[in-house]
Structures are given as C-alpha cells and as structure tokens.
Amino acid sequence: MQMKGLAERQSELAQIYLQNLVDISEDEIVLDCGAHIGEFGLHCSRKGAKVFAFEPDPTEFRALKINSKDTGITPINRALAATSGILDFYDANNKGDSSLFNPGNDASHIRVNSTTLDSFLSEYYPEGPIKHLKLEAEGAEPEILEGARGSLKRFHYIAAAGGPERGISHETTLAKITERLHDNGFPMIGFGARYYVGLSKNKSI
C-alpha cells in the first residue's frame with residue numbers, strides 16, 4: 001500500500017474517506033476509529049488537526065504509536081464499542097480483517113479493552129465541537145454509533161465505511177449506519193463505492 005510513497009498513500013485514504021468534502025483546519029478535533037498504523041491520522045495532523053486515533057489490534061497499535069511520535073496524534077489502544085469493558089477481538093491483521101466479529105480466516109482470539117465514544121469524550125474531551133469522525137471498524141460500526149448516543153450532536157462530519165466485513169457471513173453495515181445517522185440528523189452528502197464509505201453531515205451545525 002505504500003509502494004508509491006507515504007504521501008501518496010495518505011492522499012489515497014483522503015480520497016477514500018471523501019476528505020475533499022471536509023475542510024479541516026488548525027486545532028480542530030478528529031477521531032480516527034480503526035486507525036491501523038496511523039496514515040489517515042497523519043493526513044489530518046498535517047492539516048493542523050488534533051487526532052485521537054483508536055486501534056485495538058496490538059501489532060498495528062505498536063506501529064501507530066511509533067508513527068504518531070512528534071505529531072498531533074494521540075494513539076489509544078482500545079476498541080470503540082457499544083459498551084466499555086473487555087471484549088473478544090479477532091486478530092487477523094495479516095489480511096486487514098481484525099474485528100470484534102469473527103471474520104473466519106483462522107483469526108486468532110484475544111481480549112481487548114473497549115470504551116464507548118460517550119465515555120471517552122466525557123473523560124478526555126468533555127466540551128466543544130468535533131470536526132470529524134472516520135469510522136472503519138470491520139463491521140462494528142453500528143455498535144460504535146450506539147455507544148455515541150450522547151455525543152453525536154457534537155460531530156460536524158462522520159465518514160463511515162459499511163462494506164461487507166461483518167463476521168463470517170460478510171454482512172454490510174451500510175444500511176444500518178445510514179439509517180441511524182439520518183435519524184440523528186446526519187443526512188448523507190457523499191458516497192465512495194470502493195469501501196462503501198458514506199459521508200454524513202450534521203444538519204444542525
């Protein structure tokens with residue numbers, strides 16, 4: 001993915017998550033859920049954003065932590081979910097399929113710490129607007145939005161991937177994501193077919 005260089009890869013991810021429709025400015029807050037090794041976060045950080053990057057996979061988190069050094073990224077080794085606690089996690093980072101839902105493919109089983117967006121924000125960023133949430137959780141996107149009922153109104157934009165990644169049956173989450181966001185005042189303003197990414201905007205802001 002980095003054969004053409006890091007800048008090219010970050011530009012590619014910006015296109016995938018429809019960043020051309022989101023104007024990120026100095027000191028604005030971005031949440032990167034499913035941060036992987038930090039490429040999307042680095043793109044936002046270079047625009048001056050302060051990024052909270054969530055990655056539960058232990059191998060990917062080690063790379064994320066190294067890549068976040070001396071940047072505006074705060075790496076967080078937790079899964080976002082509908083509940084806070086300890087959850088089963090299926091580690092399949094060799095295929096990019098690590099998830100809270102068993103993807104098959106002989107994924108190894110570990111336990112990880114989880115938090116809800118509501119709980120995290122109440123502790124670490126209790127007030128103020130949040131410019132952008134990038135949500136790519138290999139099928140757990142509806143649960144993450146469930147855990148953000150109290151804080152959704154603070155977000156300006158949400159880019160959520162709803163591709164066929166939920167569990168062994170590879171269900172899509174696009175319909176569930178779109179319905180929940182629409183019901184909470186986030187109509188979709190853009191769509192990317194590659195990863196089924198819908199970009200939604202808070203119509204009250």
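**View 1. Residue N67 in helix α3 of the predicted model.** In this predicted model, N67 has its place in helix α3, which covers residues 58-67. With a relative accessibility of 31%, N67 counts as partly exposed. When its neighbours within four places in sequence are left aside, N67 is in contact with I37 and L42. N67 and G41 are 26 residues apart in sequence, while their C-alpha atoms are 9.7 Å apart in space.

**View 2. The crossing of helices α1 and α2.** Helix α1 is formed by residues 6-16 and helix α2 by residues 39-46, and their axes come within 9 Å of each other, crossing at roughly 90 degrees. The two helices, α1 and α2, are therefore roughly perpendicular to each other. On the side of α1 the contact is made by R9, Q10, L13 and A14, and on the side of α2 by E39, F40, L42, H43 and R46. Sorted by class, the residues in this contact of α1 with α2 are four nonpolar, two polar and three charged. L42, which belongs to this helix contact, is also one of the residues that N67 touches.

**View 3. The cysteines C33 and C44.** The structure holds zero disulfides. A disulfide is a covalent bond between the sulfur atoms of two cysteines. For C33, the closest cysteine sulfur is that of C44, at 14 Å, which is too far for a bond, given that a disulfide needs the two sulfur atoms within 2.5 Å. C44 is likewise in no disulfide, as its nearest cysteine sulfur, that of C33, is 14 Å away. C33 is buried, with a relative accessible area of 5%, and C44, at 0% relative accessibility, counts as buried too.

View 4. Seven strands form an open sheet of mixed pairing, in the order β3-β2-β1-β7-β8-β10-β9. The edge strands are β3, with residues 73-76, and β9, with residues 188-192, each of which pairs on one side only. Neighbouring strands of this sheet are turned against each other by 15 degrees on average, when direction is ignored. Helix α2 packs on the sheet, where it touches β1, β2, β3 and β7, and the direction of α2 makes about 170 degrees with that of β1.

**View 5. Strand β7 between β1 and β8.** Strand β7, formed by residues 130-135, is mostly covered, with six of its six residues buried. In the strand order of the sheet, β7 stands between β1 and β8. Strand β1, residues 29-33, pairs with β7 in the parallel sense over four bridges, and in this pairing L31 stands opposite L133 of β7. With strand β8, residues 155-161, β7 pairs in the parallel sense over five bridges, and here the bridge partner of L135 is A160 in β8.

View 6. Strand β2, which covers residues 50-54, runs parallel to β3 and is joined to it by four bridges. Within this pair of strands, F52 stands opposite T74 in β3. Strand β3 is one of the edge strands of the sheet, pairing on one side only, and both β2 and β3 are among the strands that helix α2 touches.

How values were computed. Residues numbered from 1 in each chain as written. Predicted model: local features only at pLDDT ≥ 70, side-chain atom pairs only at ≥ 80, totals over all residues. Heavy atoms only, no water. Axes fitted to C-alpha atoms, helices over the stretch in contact; angles between N-to-C directions. Parallel < 35°, antiparallel > 145°, perpendicular 65-115°, else oblique. Contact = heavy atoms within 4.5 Å. Nonpolar A, V, L, I, M, F, W, Y, C, P; charged D, E, K, R; others polar. Buried < 20%, exposed > 50% of the residue type's maximum accessible area, 1.4 Å probe, protein only. Pairing = 2+ DSSP bridges.
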